[in-house]
Amino acid sequence: MDRGNGFRPLHGRREERARLDAMLQDVRDGASRALVLRGEPGAGKTALLDHAGERAHGFDVSRVAGVQSECGLDFAGLHRLCVPMTDLLPRLPDPQREALRIAFGLRLGPAPDLFVLGLAVLGLLSETARNRPLLCLVDDAQWLDRASLEVLTFTARRLRTESVAIILATRAPDPVPGPAPEPTGSADPDAALTGLPELVVTGLPARDASTLLRAVVPGPWDERVLERIVDETRGNPRALLELSREASRAELAGGFGPPGARVSGDRVQDIYQRRVARLASPTRRLLLVAAAEPGGDPVLLWRAAERLGVGPEAAAPAVSAGLVHIGDRVRFDHPLARSAAYWTASPEERRRTHGALAEVTDPVTDADRRAWHTAQAASAPAEDVAAELERSARRAGARGGAAGTAAFLGRAVELTPDPAHRQGRALTAAQAAHQAGAPRTALRLLSIAEAAPLDRRLRCRVELLRAQIAFSTKRDGASALLLLEAARRLQPHDAPLARDTYLEAIGAALFAGHPADSAALSEAAAAARSAPPPQAAPRVADRLLDGMALCLTEGLAAGAGALKSAVGAFRAPDVPDEDALRWSWPAGLAAATLWDYDTWNELTSRHLRLTRDTGRATDLPLALTSHTIAKLVGGEPAAAAALVAELETVSEVVENPWPPYGALALAAWQGREADAAALARSVAAEAARRGGGDDTTVGRWAMAVLNNSLGRYGDVPTAAPEDACDRLGGVVTEAWTLPERVEAAVRGGAPREADAALRRFDDLARVCGTDWALGLAARSRALVGTGASAEEHYREAIDRLGRTRVRGELARAHLLYGEWLRRRRRQRDAREQLRTAHEAFTAMGMRAFSQRAARELLATGEQVRRRAAEPPGELTAQESQILRLVREGLTNPEIGTRLFISPRTVEWHLRKIFAKLGVTSRRQLRRSASGVAG
């Protein structure tokens, strides 16, 4: 592996060097570490990387630097970093190995998911470090392609005990003279590197800066000049060195003579531009070739230079000027030297250079880079070049390079001569940019598509994409209205797509706007009702749209039959995976509205499985949250907690802040009052940003459960604004608060409120007809009732809920019945019900309800039994997750894939679990008490 760029002694930097040395020692001792070096251009980040490479005795070292012109080529940086390790690919699990092979262009296949690629790289680094520690040095991370940076930071966040160190150096890009490259594929290092340990590299202290200047420029110094230079450069080492080379001795000795380079905000760029401009024409052409060839291949450099009439002798002046080094790789002394070499050339010179590089690039083994050079060499639109770029875009898409696809298509648009064809390509390119997470680029390409008159069909597609971009970035009611308008415009031209868009608009409105006053929701439902029916056999999406629209316009009683049929259709085994992926969230919401737990749980489970399997990272937070709530209602808080922990990891990876709905519901059901309050504030803040929405409904329901568990009945709202679940047919979880409001009103002395909520819930329960709904209705009637009728209703509730999987609600029925019996002095009967409730709540970790049951038991005169002693040593959250997955029969690689950690980290955690639980094998873990894992 590469040993770096050569060692240069550092002046100063004692604290920085000590931190790097300590980091390397930790890795030698078996730990793994990641560090971000952040500083302005020339601050010395590269020198610190050199120091780390030189001090890494006994390490394998792999080094890579971001290249500005490669930003649009997905996985280019990752490929260069991992090439020395590819002989270890056979040791990876099949999906991970194939994902890396596709990403590196070794074979074609479906676009690999960044999660799978991250795990593959984590496994590859772990295997590389199995015999010797591994140090990965990444310079100029801000110029890595987006996909490489995301995968590397994903990996860095999951290092634990693999003996791997990753050090990334980054800075904010300087303004570059001339037109900037298309930013579609470039990464946002500030966002991507958030959360990693950081070392800020600033200018040298005055004493160290003076020492550096005196070391490179012998002879007398004027102290005033020295102080001015140090002050102007703010101790920036690169600026100090460059200025010392440019300034005359007379100036340094006493300020005599004309000044050298005037140091300014972009001083380093200015210096490099002047140094390039002073070189002879052949040397400048050679530097231009080196700057335009991002791979640093010296063979391509010399071949292209020869075609441009430049011989090897042209290299010496550039090397002597400290601009470039040519060995087994071509390396510029500083990234801004590359920028200066490229942008100081004229447009025609750059085109000729790219043309020469295209001629010497292999059309078989490197067809995409050849196509890129050919496109950069084009001076006018050319359909054959644009078509080749389009083919490269398809190959990039097959390798999983969304940003690369967008970059190729964006250039293809510029080179397409036919206006109509250009419009179509611009729209396709905009869709690719949207998928690549570049909304501004997508909107710019949409503007190109709209530059000439659009036919109605293309206009509809443009408006649909604009609406989708708006919702993906804002997730608010206004963008849901844009989807509705797009559906209306699509209706005459593409009826199936229009119906899909109506359903998308309803789902967006449910997510983004408060159900009680969402104009988008009401309008979307009404428009869907008036849309022409499907001409062919209805798809599952058609049936779901019709059922939801009918419920939203006419009420749940009118639409329940259609909605039940539609939801049931989603359980059929022949439903295409793509339909299940796209529509499982609204279908699951409909099942929950119908109080059909089994269907709801099945749909959320399948949605999550398919989302994981297909790597749709942007959909994963919603899938995880939905299944979390289903598991909670099903009385499986341990599974819910594991999903919440996974969601925290996923949100960090996709860098998409996701309100903690699942975490709030879990905290409420577990009676963690302080945690729930903090999470509720976070949810409310997000709701306020969007103007309310389904999150406020979940929050209201969760807090109602918490307050009832704590006996704080006055804090449970007794009425919802405008009684939303009546007006919108209950196709929202607002109806879930009704049983909570009945209990709170009865216990809080508000019988009229209790009667009103009970009447409404009774109506809903009869329409739905499930044991879940009818059981809760019976429990609510028992709370309101008296005498023999109340006891009959309690028994009915326990009987009906006992047939379901909603264990938490069944335990609450036992608790309420036991409380009712105790108040009638039927102590023996009360103890039986309360013991059942207490044991169930304790097993499910529902502490507040468990304590409430314990207090009631004590009041009956029974001593509450303590839980069995906990095993020595409390498991951490991640250890509990791993223990649960071991009991499910997953292997270490499978557990690593699920939790986004390496198999070696799983091994490390298992050793700790064995010690804490006093076992020595996985078999013993599977046999040990399930309560340990929660």
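This is a predicted model: local features need pLDDT of at least 70, side-chain atom pairs count only at pLDDT 80 or more; totals for chains, interfaces and linings use all residues.
Residues are numbered from 1 along each chain as its sequence is written, and side-chain values use heavy atoms, with hydrogens and water left out.

Let's start with the overall picture. The protein chain has 47 helices and seven strands; these are DSSP runs numbered from the N terminus, H or I of at least four residues for helices and E of at least two for strands. Of its 934 residues, 57% count as buried. Buried here is under 20% relative accessible area, exposed is over 50%, and partly exposed is in between, with a 1.4 Å probe and protein chains only. As for contacts (heavy atoms within 4.5 Å), if we take those between residues at least 6 apart in sequence, 71% join residues at least 24 apart.

Now to helix packing. Two packed helices are described by the angle between their axes and the distance between the axes.

On the α5 side we have L114, F115, L117, G118, L119, V121, L122 and L125, meeting A147, E150, V151, F154 and T155 of α6. Sorted by class, this contact has 10 nonpolar, two polar and one charged residues. In this scheme Ala, Val, Leu, Ile, Met, Phe, Trp, Tyr, Cys and Pro are nonpolar, Asp, Glu, Lys and Arg are charged, and the others, Gly among them, are polar.

W772, L776, R779 and L783 of α39 make the contact with E809, R812, A813 and L816 of α41. Its residues divide into five nonpolar, no polar and three charged.

While we are at α41 (residues 807-823), have a look at H814, which is found in this helix. H814 counts as buried, at 12% relative accessibility. Leaving aside neighbours within four places in sequence, H814 is in contact with I798, Q833, T836 and A837.

On to charges. Side chains of opposite charge can pair when their charged atoms come close. How many salt bridges does a search of the whole structure find? The count is 59, where a salt bridge is a side-chain nitrogen of Lys or Arg within 4 Å of a carboxyl oxygen of Asp or Glu. Some of these form a network that links E740, E743, R747, R779, E809, R812, E819 and R852.

Helix α37 (residues 737-747) is mostly covered, with nine of its 11 residues buried. Among those buried residues are E740 and E743. After α37 comes G749, whose phi is positive, near 75°.

Let me finish with some individual salt bridges. E554 and R529 meet through their side chains at 3.7 Å, N to O. E554 lies in helix α27 (residues 540-554) and R529 in helix α26 (residues 519-530), so the pair ties together parts that are 25 residues apart in sequence. R529 is partly exposed, at 40% relative accessible area.

R831 forms a salt bridge with E862, with 3.9 Å between the closest N and O atoms. Because R831 lies in helix α42 (residues 827-844) and E862 in the loop between α43 (847-859) and α44 (877-887), this pair ties together parts that are 31 residues apart in sequence. R831 is partly exposed, at 23%, whereas E862 is buried, at 18%.
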